[in-house]
Amino acid sequence: RVSRHRARARRRCRRSSKLIGPNFCLAMALTVELLRARIPFIASAVFLVFALSEHLRLTSVTSVTEKLKTERCQAPLLTSVVDYDLDSASQETLRMLDNYFTTLRVHSKIEFVALASSEERCERVKQRWGEACRVFHLGEYRWTKQLIGREILAMLRESRRPVVLVDTDMSVGLDPEPLLAKLWCDFGVDFAGGDEAKWNINTGFLFFAPTPVAESIATCVVDWIDLVRSDVDGAFKKYVLDTVPEDARIEGKSDVRRADATAMSFEQDVVKDCARNAVTNEKEMRFSVHIARKRVAGTADFAEDVHLDVPPPGGGIGWYDGSKCNPVVRAAGEIRCATTHDKQGMLAVVRLPIYHSQMAMRADENAAFRHCIGKEPACLYEGN
């Protein structure tokens, strides 16, 4: 008898399963058929079994979703270069660092790790400020910040969580942790930098999510700096001399002497190029060599088109723009967004409440990271 009622229930569900789902339809139709046939005990059993199975299915789906969200939303790791001989550092430098760590810990419990070039310097960081420290090896690099790509890549791959690099000439005015977590967890931002208009990024604030897009930008930074450092003469000829025609040079002002590696690999320009190229699909590192090219040309007006917008594939606005951020992102603060050329990633430049660049700040404004103007004492030493 039950088999006959099950067959009738299946026929009913062919007409309505698209609206309410095949399993739900079959269970309810079979329950109704059994009740009509006055078999209430089996009808109740069918309904209870269905209800239990649906509960377990939904619980399983919810737990998988929560697990994925938890894995995606790992707390950010904050890092800064704190590479000083504290015995010979000036009092101004020590006060600046004291202010940075004091204001940070007044507002936040975010996990932090300093970057220093020796075990001895790391140990002093731990002793003075009680913060974790990671040793990097400067090698043939000239500037500590030229290592940011390599160190960030290593930290991303080790921790699989967002890594945020900030300068130490900062005052911390808000807890950065929830703001930084939102960038990745809620907004899906792969990479972000401090906003300085148009394509310009201030590397005093850099955010890298644990994604292929962010890793590709960090890799781009590493590859370019290594390329220039490995063959400075070749890089200068290929990317500077050969791009400035003889007739574009001003006699008596043109300087064709070789630029050093740092002149073609200033990390702020390299980051700006790598991020822009991810949006526009360009290959040329324009900002990185722009100053060297102007020196060869003998005029500051040479190749100023480097600052212009470059439409992405398919047209439209190339550079970061507020209209490219979804309404939820825009409501969270001053942020401009850009989509990578392959539509796989989201880049952003941020201001308040996350970052405030080196300019005057109003009394009613506050920022997680306030970048002090020219190491302004009133900003640098407010925490001590």
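Predicted model: local features only at pLDDT ≥ 70, side-chain atom pairs only at ≥ 80, totals over all residues.

Biologist: Where is Thr 340 found?

Modeller: Thr 340 lies in the loop that runs between strand E8 (335-339) and strand E9 (346-350).

Biologist: And what does the side chain of Thr 340 make a polar contact with?

Modeller: The side chain of Thr 340 makes a polar contact with the side chain of Asp 342 at 2.7 Å, and the Thr 340 side chain also reaches the backbone nitrogen of Gln 344, at 3.2 Å.

Biologist: Leaving aside neighbours within four places in sequence, which residues is Thr 340 in contact with?

Modeller: With those neighbours set aside, Thr 340 is in contact with Val 213, Ala 278, Val 279, Gly 345 and Leu 347.

Biologist: Which residues touch the most other members in the largest nonpolar core?

Modeller: That core has 51 residues, and the ones touching the most other members are Phe 191, Ile 201, Leu 206, Phe 208, Met 264, Tyr 320 and Leu 347. Helix H8 (residues 212-230) supplies the largest share of this core, with nine residues. There is also a second, separate core of 47 residues, which includes Leu 78, Ile 110, Ala 192 and Ala 209.

Biologist: Changing topic, why is strand E2 largely enclosed by the rest of the structure?

Modeller: Five of the five residues of E2 (residues 112-116) are buried, so the strand is largely enclosed by the rest of the structure. Phe 112, Ala 114 and Ala 116 point one way from E2, while Val 113 and Leu 115 point the other way, and all are buried.

Biologist: Which strands does E2 pair with?

Modeller: E2 pairs in the parallel sense with strand E1 (residues 77-81) over four bridges, with Thr 79 standing opposite Val 113. The chain crosses from E1 through helix H4 (residues 91-107) to E2, and this β-α-β crossover is right-handed. E2 also pairs with strand E3 (residues 132-135), in the parallel sense and over four bridges, and there Val 113 stands opposite Ala 132. Together with helix H5 (residues 119-129), E2 and E3 make a right-handed β-α-β unit.

Definitions and conventions
Residues numbered from 1 in each chain as written. Heavy atoms only, no water. Core = buried A, V, L, I, M, F, W, Y, C linked by side-chain atoms within 4.5 Å. Buried < 20%, exposed > 50% of the residue type's maximum accessible area, 1.4 Å probe, protein only. Helix = DSSP H or I, 4+ residues; strand = E, 2+ residues; numbered from the N terminus. Pairing = 2+ DSSP bridges. Right-handed = clockwise from strand over helix to strand, strands pointing away. Polar contact = N/O pair within 3.5 Å; in protein donor to acceptor, adjacent residues only side chain to side chain. Contact = heavy atoms within 4.5 Å.
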